[in-house]
Amino acid sequence: MIRAEALSRSVGGRAILDGVSLEIRKGEIFTLIGPSGSGKTTLLRLLDLLDMPTAGTITIDNSRIDGHPEERFRVRRKMAMVFQKPTVLNTTVEENVAAGLKFRKVPRGEIGEQVRAALDLVGLSHLAGRRAISLSGGEMQRLAIARAIVTKPDILFLDEPTANLDPANAEMIEDLILRINRKFRTTMVLSTHDMIQGQRLAHRIGVVMDGRLVQTGDLNMIFYHPVNRAIASFVGIEPIRGGIVENSEDNLATIAVGRVRFQAVTEEKPGSKVCLCIRPEDVTLNLAGGDMTQSSVRNCLQGTITKMTPLGPFTRVTVDCGGVPQSALLTRKSCEDLGLSTGTNVVACIKATSIHVIPDL
Amino acid sequence: MNAILDGISQAINLIVTLNPEVFEIAALSLFISLSATLLAALIALPIAGLIHFREFHGKRALIVVIQTLYSVPTVVVGLVVYLLISRSGPFGFFGLLFTPEGMILGQTVLIIPIMMGLFISALTGVGKDIRDMLTSLGATELQSIATIVREARFAILSAIVLGFGRAISEVGVAMMIGGNIRGATRVLTTAITLETGIGNFGFSIALGIILLSIALIVVIVMNIITSTLSKEQWQAMGGSV
């Protein structure tokens, strides 16, 4: 559907986007995640043909888009974009939604019908005659979505669609995005700095960092197999550095980090320097001195709790395992049941398959 | 003190008896300044649009020049227009000097900069967000411009009102181009100047009251138009009251 090759954009000599290549498939929700200011918006604006790339090419529906304004205009009419900051025209809700149809010279009778359908879909029918400027933030963003989809675009871009909204409104928008994708099979490209949202909405994810697309893949790839330390940190893993592969048999390797030995599945050869990525929710904690004999878990590390960080219904427990800090995510309830507190001696258990090994560069 | 009180009572008398000369002067004033306002708006809006929607070298400098001309002395405009349309000037053959048409021309030149500058501010106030949104919605450039102008409608309207205010209250152009000819080019401001000079305060005060009333009516009309919006909405659009 969309193919970008080596897209770059610099403004005033500063590169904002640097050689991004990606392919977006028809009908999928492709989510760009990355920290604020990493270039996600710039990339979306290039793909929506709002801005011109400094270098690189964009191919949409097998036709290569060059600089010709007529062609860019024609292709742009098959796409739509919802911007991060909700923007409305100072007129009624209805008139706002009708804007795109009016620009396309759709007959008056059809406009009314299509606008009603779009407002219905986003749940704003009851506000059709209201001044758009008097809507709340969440309503404005739903209006923006109605205005974008009313023209039946093949591709819908959404730039941080929930960044300025409270959780309830954000969830409503997320549901709406999924519904639209299923109902119209609209190809969607959305950006978010909220990796949980990325997780909820995306079929595939692209990670943008410092103007580069550093990894593309499905949820499992991005969240469990990040290719480098920066991505690992962004998706919620504190990588353990300074590991050295001691020996390896059938890809089951023993990795030394200081005095601690880990067993992990990796293709890295003995002697390689590596980082270990362990998702905190894959770590289980047991009280020290318990019976561990029947456990099949390869890695059981003795340690002392150094910090307990409450995260709503969960608690992140940081354990010092012989000089290696390791985080575990437990429900609040299980922390209470185990009677965990700072200073408690525990055993942290991690399956060999739960450790993702990346080269330490 | 007596002179002032006498003047006021005489002025009220002139107004309530609908003195024909007073109302003739007021009508001519309105005709000239409204014509100039309309003409200036028709000229300034497309140029302001061109300046706002096009990127070119010296754009900022040009806007600074326009803003400087907001406060150009009326007598300077009067002098320049006088030189251009006087019998020996390049446009002398039109015979515009000392005619209402000449005054309309002079006032138009006078208020074009302030209207143009305020139109540019009005369009700028609509913001890049809206422009991007329109482009992404598939608007052609013309559709986009039309929508932005419509978004700026209230700010554009207040710019026009301000231009009218400057036109109707100025003396320099009216005096130098019109010549204050009784029954031909005498308007409110030039008449006040003259009548005050010859000690006819009642007449001056009457004309002053009419001038203020016109200003009052203009403000009321503005408020009626904009009161369809709540104060908050008005501010959200970048307007100030």
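Housekeeping: the model is predicted, so to speak: local features need pLDDT of at least 70, side-chain atom pairs count only at pLDDT 80 or more, and totals for chains, interfaces and linings use all residues. Residues are numbered from 1 along each chain as its sequence is written, with chains lettered from A and ligands numbered from 1 in the order written.

Let's start inside. The largest nonpolar core has 101 residues. By that I mean buried Ala, Val, Leu, Ile, Met, Phe, Trp, Tyr and Cys residues joined through C-beta atoms within 7 Å; buried means 20 or more other C-beta atoms within 10 Å of the residue's own, with C-betas placed from the backbone. A:Ala146, A:Leu276 and A:Ala348 have the most contacts inside it. Helix α5 of chain A, residues 137–149, gives the largest share, 7 residues. Helices here are DSSP runs of H or I, at least four residues, and strands are E runs of at least two, numbered from the N terminus.

So what does A:Leu276 touch beyond its neighbours within four places in sequence? Its contacts (C-betas, placed from the backbone, within 7 Å) include A:Ile255, A:Phe262 and A:Ile355.

Now the sheet. This open sheet in chain A runs β13-β12-β11-β14-β20, with antiparallel pairing; pairing takes at least two DSSP bridges between strands. Its edges are β13 (260–265) and β20 (355–359). Strands β11 and β12 share 5 bridges, and A:Val245 has A:Ile255 as bridge partner.

Finally, chain B: 11 helices and 0 strands, with 38% of its 241 residues buried.

Notes. Buried ≥ 20, exposed ≤ 12 C-beta atoms within 10 Å, placed from the backbone. Contact = placed C-beta atoms within 7 Å.
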